[in-house]
Amino acid sequence: MAETRTSPARVLVTKIGLDGHDRGSRIVAAYLRDAGMDVIYTPPWQTIDAVVAQALQEDVDVVGLSSLATDHLIVPDLIAALRKAGLEHVGVVVGGIVPEDEHGMLTGAGVAGIFGPGARRNDIIDAVAALAAKARTARLETLGI
């Protein structure tokens, strides 16, 4: 895919682990799609390896994960796998139920944003768009463009 500054942000919206509650992720995927982003949506129960493979294949700028049943605890493993695959420029955000005392663990691992219940549509869209722009700039810099 040829990189251009005008192409829409590409976002992978997914769920890892055993949590099958996907209503929130479907709503957020619709928000992002309605905002003009290219959204790749997966069904629940993805493995880390599957998410990394899809991020590579789909050339995404951002991975958005939904967690309602402690699946956010394996997000640091996903971030490590993305980095190992050469996708350190890809931003990661988490939405859903994440206890306050676990936010530091996630941000320390590289999560760029955490959106809990009641997060506003425009806040999510603006944060993902900014993160996608940052990811594209970082990727172009690593390519020397």
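Two strands count as paired if DSSP finds at least two bridges between them. Helices (H or I, at least four residues) and strands (E, at least two) are DSSP runs, numbered from the N terminus. This is a predicted model, in which local features need pLDDT of at least 70 and side-chain atom pairs count only at pLDDT 80 or more, while totals for chains, interfaces and linings use all residues. Residues are numbered from 1 along each chain as its sequence is written, and side-chain values use heavy atoms, with hydrogens and water left out.

**Whole chain**

Start with the protein chain in cartoon view. Its secondary structure comes to five helices and five strands, in the sequence pattern β-α-β-α-β-α-β-α-β-α. The radius of gyration (taken over C-alpha atoms) is 14 Å, close to the 15 Å that the globule rule gives for 145 residues, so the chain is as compact as a globular protein of that length. That rule is 2.2 Å times the number of residues to the power 0.38. Along the principal axes, the C-alpha atoms fill a box of roughly 40 × 30 × 25 Å.

Colour by accessibility next. Buried means under 20% relative accessible area, exposed over 50%, and partly exposed in between (1.4 Å probe, protein chains only). On this scale 44% of the 145 residues count as buried. The chain exposes about 7,500 Å², of which carbon and sulfur atoms supply 55%; accessible areas come from the Shrake-Rupley method with a 1.4 Å probe, and for residues only the protein chains shown count as cover. Contact means heavy atoms within 4.5 Å. Among contacts with a separation of 6 or more, residues 24 or more positions apart account for 75%.

**The sheet**

Select the five strands. They form an open sheet with parallel pairing, in the order S2-S1-S3-S4-S5. Strand S2 (38-41) and strand S5 (113-115) stand at the edges with a single partner strand each, so one side of each has no neighbour in the sheet. On average, neighbouring strands are turned by 20 degrees against each other, direction ignored. Axes here are lines fitted to C-alpha atoms, for helices over the stretch in contact, and angles run from 0 to 180 degrees between N-to-C directions.

**S1 and its neighbours**

Select residues 10-14, which are strand S1. Five of its five residues are buried. Show the side chains: Arg10, Leu12 and Thr14 point one way, and Val11 and Val13 the other. In a regular strand the side chains alternate between the two faces of the sheet.

Arg10 stands opposite Asp38 in S2. The chain crosses from S1 through H1 to S2 in a right-handed β-α-β crossover; right-handed means that, with the strands pointing away from the viewer, the path from the first strand over the helix to the second runs clockwise. Helix H1 (residues 23-34) lies across S1, S2 and S3, at about 160 degrees to S2.

Select Trp45, in the loop between S2 and H2. Its phi is near 70 degrees, a positive value in a residue other than glycine. Trp45 counts as exposed, at 54% relative accessibility.

Select Gln46 in the loop between S2 and helix H2 (48-58). Gln46 is buried, with a relative accessible area of 15%. Leaving out residues up to four places away in sequence, Gln46 touches Thr14, Lys15, Ile16, Gly17, Val51 and Gln54.

Go on to Asp59, in the loop between H2 and S3. Asp59 is not a glycine, yet has a positive phi of about 55 degrees. Its relative accessible area is 21%, which makes it partly exposed.

Select strand S4 (91-96) together with helix H3 (residues 75-84), which lies across S3 and S4 and runs at about 160 degrees to S4. Six of the six residues of S4 are buried, so the strand is largely enclosed by the rest of the structure. Gly91, Val93 and Gly95 are on one side, and Val92, Val94 and Gly96 on the other.

S3 and S4 run parallel, joined by six bridges, and Val62 stands opposite Gly91. S3, H3 and S4 make a right-handed β-α-β unit.

Finish at S5, paired with S4 in the parallel sense over three bridges. The bridge partner of Val93 in S5 is Gly113. From S4 the chain crosses through helix H4 (residues 103-109) to S5, and this β-α-β crossover is right-handed.
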